[in-house]
Amino acid sequence: MTSNEIRQRFLDFFEKRAHAIVPSAPMVIKGDPTLMFTNAGMNRFKDVFLGNARPEARRVADAQKCLRVSGKHNDLEEVGRDTYHHTMFEMLGNWSFGDYFKKEAIALAWEFLTTEMELEPDRLFATFFEGYPGDDLEMDHEARACWRNYLPEDRVLPGNKKDNFWEMGETGPCGPCSEIHIDLRPDEERAVLPGQELVNAGNPLVIEIWNLVFMQYNRKVDGSLELLPMHHVDTGMGFERLCMAVQGKRSNYDTDLFTPLIREITRVSGISYGKDPAADVAARVVADHLRAIAFAITDGQHPSNVKAGYVIRRILRRAVRYAYTFLNQKEAFMFRLIPTLVGTMGRHYPELKAQQALVERVIEEEENAFFKTLDKGIKLLDKIIEKTEGEGSRMIHGEVAFELYDTYGFPLDLTELILRERGMEVNLQEFEAEMEAQKVRSRSDAAVDADDWVELTPDESQEFVGYDFTEIEVRVARYRRVTTKGKTLYQLVFNITPFYGEGGGQVGDSGYLVSGDEKVRVIDTRRELGLTVHLVEELPEDPTRVFLAKVDAERRTVVANNHTATHLLHHALREVLGAHVEQKGSYVSDEYLRFDFSHFQKVTDDDLERVATLVNKAIRANSPLEERRAIPISVAKNMGALAFFGEKYGDLVRVVKYGDSVELCGGTHAKATGQIGFFKILTESSIAAGVRRIEACTGAKAEAYISDHFNMIKKMAQIFKSNREIFENVRAMLEENEGLKKEIEKFESERLKLVKEQLKNNKKLLNGVNLISVNLLLSPAKVKELAFQLKGELSPLALVLGGVYNDKPHLTVMIGEDLVATTGLHAGEIVRAAAREIKGGGGGQPFFATAGGSCPDGIDNAIALARDLIAQKI
């Protein structure tokens, strides 16, 4: 069976058994502050497990895109080195929300593996939870008994808390789990050593393929466990491992999920797979990482320097440096592999095919940028090596290597490789200390200390009424205290709320809770795991009272206007630039709006003007809001509503329509477009390869922007005091300025000639060497120009020039190549020694070097010291 057939047969198997088949949720997570990426199939259902949302179906199955590279599930450094770790992987899963439990889950798993996949039963093993006295947890007798209906007792194995008790996090739903392992070793090896001795022992051919989690408990903040009101089943099967087992391979990378990519990598690189272990690791790294990068981009997460984008950039750069070091790839090449990836996985994941051009463009530009970083890093490392050798050491300080890694993105393993070629090494203990200190800082910044929820009305579900009301009477259903970065806030959840929680790029509402004389300010509203959470700085005196929840209606109106403007902007961009334009992100506040979209070149000024004209035309049309709530997504798409890859949609959606603009959207909007008033584009820029950004404002902010610019033009006109148009005045001034600049350059050139002749006339001969040392009032650039002119006219030459320019001292040393060869003089060493006099540093080549400093008073001493160091060797 091919991988596509295996995946489809899994989904068909569970669909026939009354499971709703749902598409994969985005790999990049929104609405969960604890996660950046989906790292397990259950992430999308956390709000259901927590009791914050009702499941759309009680039985569900899917194939979910997952990513594990950081935090608890940090598999990154193992990827490529072994046969079964990955960054991006697919998790096949089936769920029961209060429906079936252990007996049925085990029966379904056994039937699928042995009947549908035809795996040999005598190669399978099952584990069960052995119990844990520390939590007063007994052995999972039920799971053990169920497995003994299918397997002999010696292949039903007890497992400890680490392997067989699954927890969502430090708090939350959890329960015992039952793992299914398979022994893929040859029969002769199995005859010598029974497979049960290798379960969970790290053998690459005796591996876990499916984990059945039985959610029974809730872990509280104090560590205690309480029974959940409903029992759930959460299973996850590693798709790549299943393919390895079904296709009879000894490595995930030998399955048809990876072999087309590896074949293309070997074709492009010219390095065969299977001959050089280091090159094989590199090919596996590239094949794996390419999948992670491509799927992240299709989900809207581009490589960047912050948060999730930084993780994707790390993955891409790890692949590039492996290819650079072991596959001899010195220029961008990974983007050329995307058509092969689309051919392998594009049928089940159409977002790959739909966004192929964007993915290729982003990866190519990121690769090129990193090659520039590598080039810069190598030059920096050369200087560090030179300095370290000059100090008589063969050890680079770990702090220096960490700066190369952290500031310049230069990987440690490449630093070590270059140093080994020079007989040097990094102080790894210092490097690891710096790395750990950074991790501690990051954990401290991200740490959130949250109490257990205090449930006032435990079974009450929450209803959002903010589309229709900005104030309504509410009760607090639950609350808790949270502390982050030393600040304590309270999170409140109401039974009904008019407050919009931050989401879809729109900021959350603010406002007040009012009861009698008490007025509690709501500073922000967020969506977390299916709940609308209201943040307050102080808890109401009596949380059980009835409150009037009042949204800041004026702020809400401006935010709604800006959100509607993004829809009109999106429609106008598609009309002007083409249907390839798709939203890639947005931010909507009461101050301004920001809209990111796919487009491969800068938007011209003319096109921006056309876009703005279309938006303002739509505003003047005063089109009313046409809204359809809770309609099937298929109906919405038939209406022409735009849906975007990377967004998570339910079966029922909300459609927002203004004239020809039709989108799926859950945000708040203007009652009619005329309410927006006026739209003004502020900036257009690039934020990533193939992604542009427009920032704009509306209404009063747009009026203020235009008024400020008109006032500025008035002031400029007053300065010129001329009857000509201000444009003509500015052009004339620029032309005059350009003429003066040329005159100054001509004067500087003549002056430089005079200075050069004076230096030649005042040179000293020392043992036949032309020695010049002087303090000059010239810029460092002019000093360098002068030095190279003198080098071409005097030989042999030893030159020391220094001075103070813009209150900063500078020093230049030039030694003729003939002198370097005969005397061993080294300009870089001389400059480094002399620079101490100006409290600075510098370096360079044996024949030319420069330095700068912070102490102007020491420049004469620095010139004298450099001259004396030269004189000693002539």
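How are helices H8 and H9 oriented to each other, roughly parallel or oblique? The analysis rests on a predicted model, in which local features need pLDDT of at least 70 and side-chain atom pairs count only at pLDDT 80 or more, while totals for chains, interfaces and linings use all residues. Residues are numbered from 1 along each chain as its sequence is written, and side-chain values use heavy atoms, with hydrogens and water left out.

Helix H8 covers residues 259–269, and helix H9 covers residues 277–298. Helices here are DSSP runs of H or I with at least four residues, strands are runs of E with at least two, and both are numbered from the N terminus. The two helices pack at an angle of about 120 degrees, and their axes lie 9 Å apart. Axes are lines fitted to C-alpha atoms, for helices over the stretch in contact, and angles run from 0 to 180 degrees between N-to-C directions. H8 and H9 are therefore oblique to each other. Under the scheme used, angles under 35 degrees are roughly parallel, those over 145 roughly antiparallel, those from 65 to 115 roughly perpendicular, and the rest oblique. The crossing of H8 past H9 is right-handed. Such a crossing has the near helix turned clockwise from the far one by less than a right angle; anticlockwise gives a left-handed one.

On the H8 side, the contact (heavy atoms within 4.5 Å) is made by Leu 261, Ile 262 and Ile 265. H9 contributes Ala 283, Val 286, Ala 287, Leu 290 and Arg 291. Seven of these residues are nonpolar, none is polar and one is charged. In this classification Ala, Val, Leu, Ile, Met, Phe, Trp, Tyr, Cys and Pro are nonpolar, Asp, Glu, Lys and Arg are charged, and the others, Gly among them, are polar. The buried residues of H8 are Leu 261, Ile 262, Glu 264, Ile 265, Thr 266 and Ser 269. Buried means under 20% relative accessible area, exposed over 50%, and partly exposed in between, with a 1.4 Å probe and protein chains only. Their cover includes H9 and helix H11 (338–345). Just after H8, Gly 270 adopts a positive phi of about 75 degrees.

The largest nonpolar core holds 120 residues. Such a core is a set of buried Ala, Val, Leu, Ile, Met, Phe, Trp, Tyr and Cys residues joined through side-chain atoms within 4.5 Å. Trp 210, Leu 242 and Ile 363 touch the most other members. Helix H9 supplies the largest share of this core, 14 residues. A second, separate core has 40 residues, among them Leu 794, Ile 830, Ala 866 and Ile 870.

Helix H1 (residues 3–15) and helix H7 (residues 239–246) have axes that come within 10 Å and cross at roughly 110 degrees. H1 and H7 are therefore roughly perpendicular to each other. Their crossing is right-handed. Ser 3, Ile 6 and Arg 7 of H1 meet Phe 239, Leu 242, Cys 243 and Val 246 of H7. Five residues of this contact are nonpolar, one is polar and one is charged. Beyond four places in sequence, Leu 242 touches Ile 6, Leu 92, Phe 112, Leu 113, Met 117, Leu 119 and Met 237.

A further pair is formed by helix H24 (residues 827–834) and helix H25 (residues 859–871), whose axes come within 9 Å and cross at roughly 140 degrees. That angle makes H24 oblique to H25. H24 passes H25 in a right-handed crossing. Ile 830, Ala 833 and Ala 834 of H24 meet Ala 862, Leu 865, Ala 866, Leu 869 and Ile 870 of H25. The contact comprises eight nonpolar residues, with no polar and no charged ones.

Ala 849 lies in strand S34 (residues 848–852). With 1% relative accessibility, Ala 849 counts as buried. Among its contacts beyond four places in sequence are Leu 811, Val 813, Ala 827 and Val 831.

Some backbone values were also noted. Most residues other than glycine have a negative phi, and most peptide bonds are trans. Ser 795 and Pro 796 are joined by a cis peptide bond, with omega about -5 degrees. Ala 18 has a positive phi of about 65 degrees and counts as exposed at 57% relative accessibility. Lys 839 has a positive phi near 55 degrees and counts as exposed at 63%.
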